[in-house]
Amino acid sequence: MIQIVIRFLVGGAAVSIFALIGDVLKPKSFAGLFGAAPSVALATLALTVTTKGASYAALEARSMIVGAIAFFIFASLVSWILMRYPFSALWVTLCAMPFWFAIAFGLWAVVLR
Amino acid sequence: MKTAVRMNVSALRDSTWSQFALRFLFGGIVTAIAGLVAQHYGPVIAGLLLAFPAIFPASATLIEKHEKQEKEKNGMNGSVRGRQAASVDAAGSAMGSLGLLTFAAIIWQFVPAHSAAVVLSAATIVWALVSVVVWQIRKRARIVRTHATSRAHHL
């Protein structure tokens, strides 16, 4: 349980720091780079290396490549829809979320399993 | 074309504490879930979540709202501008995800045989470099396209 609490605190702090950096930067497209900052990954991998070892962390990082490809498609899709259709950002991002899961787990089934 | 990178610390005043707390919460929850998934399903599945767009909906909504409020202060309808700002931010995140991919590849290749602290630090620097280079390339490509289009209009 304590391990989960530590992960929560470290992950929350890492995400907040990168998000704050993104908030103060302009132009928007440059600030957007921080939306794909490795915040959750840094927190997780640092804790994983210390608790489970480097090989375990390397396996997580290999899967993360697939997750990043899914992120690229997800963010591109969100950007494309928001520029062309009159839907709110919240609605578009939430509706596009299943695409991230489909691409990430689809690629996992094809490439990693 | 206004594309120089600059810092505007006063932009933080536009956000409320609840918005900061929300992002902390989402980030913490996804990191905790990644740990739980690793325990139950192993590192291969858990690793996917390390590139999950956890705070993306919250950030996009925030940007849309701020931009909309700015326009409405001037008596204009800011809905379209708000969506455009969120779209541009998402395009930036797509570019950043290429850096994220490089970050993951570096850790995968180097963490088993080298100091974890050094590899994590180096991978973060490479994430930033790749993201900025991709952003620069796209910016230049857009400038070239804009010039070509305006020249074509003059012909």
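This is a predicted model: local features need pLDDT of at least 70, side-chain atom pairs count only at pLDDT 80 or more; totals for chains, interfaces and linings use all residues.
Residues are numbered from 1 along each chain as its sequence is written, and chains are lettered from A in the order in which they are written.

Within chain A, the axes of helix H1 (residues 2-24) and helix H3 (residues 39-52) come within 8 Å and cross at roughly 145°. Here helices (H or I, at least four residues) and strands (E, at least two) are DSSP runs numbered from the N terminus, and axes are lines fitted to C-alpha atoms, for helices over the stretch in contact, with angles from 0 to 180 degrees between N-to-C directions. Residues of H1(A) in this contact include A:Ile6, A:Val10 and A:Phe18, and those of H3(A) include A:Leu42 and A:Leu47; two residues are in contact if their C-beta atoms, placed from the backbone, lie within 7 Å.

Between the chains, 72 residues of chain A are in contact with 74 residues of chain B, and H4(A) gives the most to the side of chain A that touches chain B, with 26 residues. The table sorts both contacts by class, where Ala, Val, Leu, Ile, Met, Phe, Trp, Tyr, Cys and Pro count as nonpolar, Asp, Glu, Lys and Arg as charged, and the others, Gly among them, as polar.

| Contact | Residues by class |
|---|---|
| H1(A) with H3(A) | 9 nonpolar, 2 polar and 1 charged residues |
| Side of chain A that touches chain B | 50 nonpolar, 16 polar and 6 charged residues |
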